[in-house]
Protein chains: 2
Amino acid sequence: MYLAKIYVTYKPSILDPKGESIKSALHRLAYENVADVTMGKYFELKLTGVDQDDVAAQVKDICDKLLVNVNMETYRFEIEALEAV
Amino acid sequence: MYLAKIYVTYKPSILDPKGESIKSALHRLAYENVADVTMGKYFELKLTGVDQDDVAAQVKDICDKLLVNVNMETYRFEIEALEAV
């Protein structure tokens with residue numbers, strides 16, 4: 001069993017309206033030292049599988065096909081082995 | 001300048017409908033070995049500050065007050081120092 005942690009964020013060229021709203025809210029709350037806020041998505045997938053490289057290839061497929069809008073977003077992921085259940 | 005990476009997920013007792021939908025979709029796409037999917041939020045904050053512990057305390061405040069619904073969600077964060085801009 002493997003745990004994949006996937007982080008999805010907007011590409012730098014894409015406007016991130018939620019991040020901007022949060023930054024404004026933080027400034028109103030007197031957190032003036034917050035220079036930049038980015039909001040993205042975070043997925044945790046548990047996958048069964050034998051070979052970690054196979055699982056990594058599969059996670060990449062899943063990101064490209066379903067989880068990530070590759071036109072606007074970019075992602076990175078980490079895979080760690082879990083103890084057998 | 002510090003970079004805070006914040007990961008927000010539902011508490012285990014809270015139903016995660018988006019995660020369940022994604023799991024079903026992955027099974028339909030023949031990724032049958034996906035055992036579990038959790039969907040959460042991911043924030044990156046850039047903060048100016050001198051002391052890393054102060055910044056960490058501030059990030060915790062920001063999470064509790066604005067970013068996280070502490071009734072339903074749980075979070076963890078990491079802080080790393082960025083080179084001065």
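Colleague: By what turn and what shift along the axis can chain A be laid on chain B?

Modeller: A turn of 180 degrees with a shift of 0.0 Å along the axis does it, and the RMSD is 0.0 Å. That is how a two-fold axis relates two copies. Keep in mind that this is a predicted model.

Colleague: Which C-alpha of chain A is nearest the axis?

Modeller: That of K41(A), at 2.3 Å from the axis. The two copies also use the same surface, since 100% of the contact residues of chain A recur in chain B.

Colleague: OK, the contact itself. How many residues does each chain put in?

Modeller: Chain A gives 33 residues and chain B gives 33 residues. Between them about 2,900 Å² is buried, and carbon and sulfur atoms account for 61% of that area.

Colleague: Which residues of chain A lose the most area to chain B?

Modeller: Y31(A), N33(A) and Y42(A), which together make up 22% of what the chain A side buries.

Colleague: How many salt bridges across the interface?

Modeller: The rule finds 0 salt bridges between chain A and chain B. For polar contacts it finds 18 residue pairs, both residues at pLDDT 80 or more.

Colleague: And which elements of chain A give two or more residues to that side?

Modeller: β1 (2-10), α1 (17-28), β2 (34-47) and α2 (52-67) of chain A. β2(A) gives the most, with 14 residues. By class, the chain A side has 19 nonpolar, 6 polar and 8 charged residues.

Colleague: Back to β2(A). What does it pair with in chain B, and is that parallel or antiparallel?

Modeller: β2(A) pairs with strand β2 of chain B, residues 34-47, in the antiparallel sense over 13 bridges.

Colleague: Where does Y42(A) come in: what is its bridge partner in β2(B)?

Modeller: G40(B) is the bridge partner of Y42(A). Y42(A) is also one of the residues that lose the most area to chain B.

Note on methods
Residues numbered from 1 in each chain as written. Chains lettered and ligands numbered in written order. Predicted model: local features only at pLDDT ≥ 70, side-chain atom pairs only at ≥ 80, totals over all residues. Heavy atoms only, no water. Contact = heavy atoms within 4.5 Å. Buried area = accessible area lost by both parts, 1.4 Å probe. Salt bridge = Lys/Arg side-chain N within 4 Å of Asp/Glu carboxyl O. Polar contact = N/O pair within 3.5 Å; in protein donor to acceptor, adjacent residues only side chain to side chain. Helix = DSSP H or I, 4+ residues; strand = E, 2+ residues; numbered from the N terminus. Nonpolar A, V, L, I, M, F, W, Y, C, P; charged D, E, K, R; others polar. Pairing = 2+ DSSP bridges. Least-squares fit on C-alpha atoms with pLDDT ≥ 70 in both.
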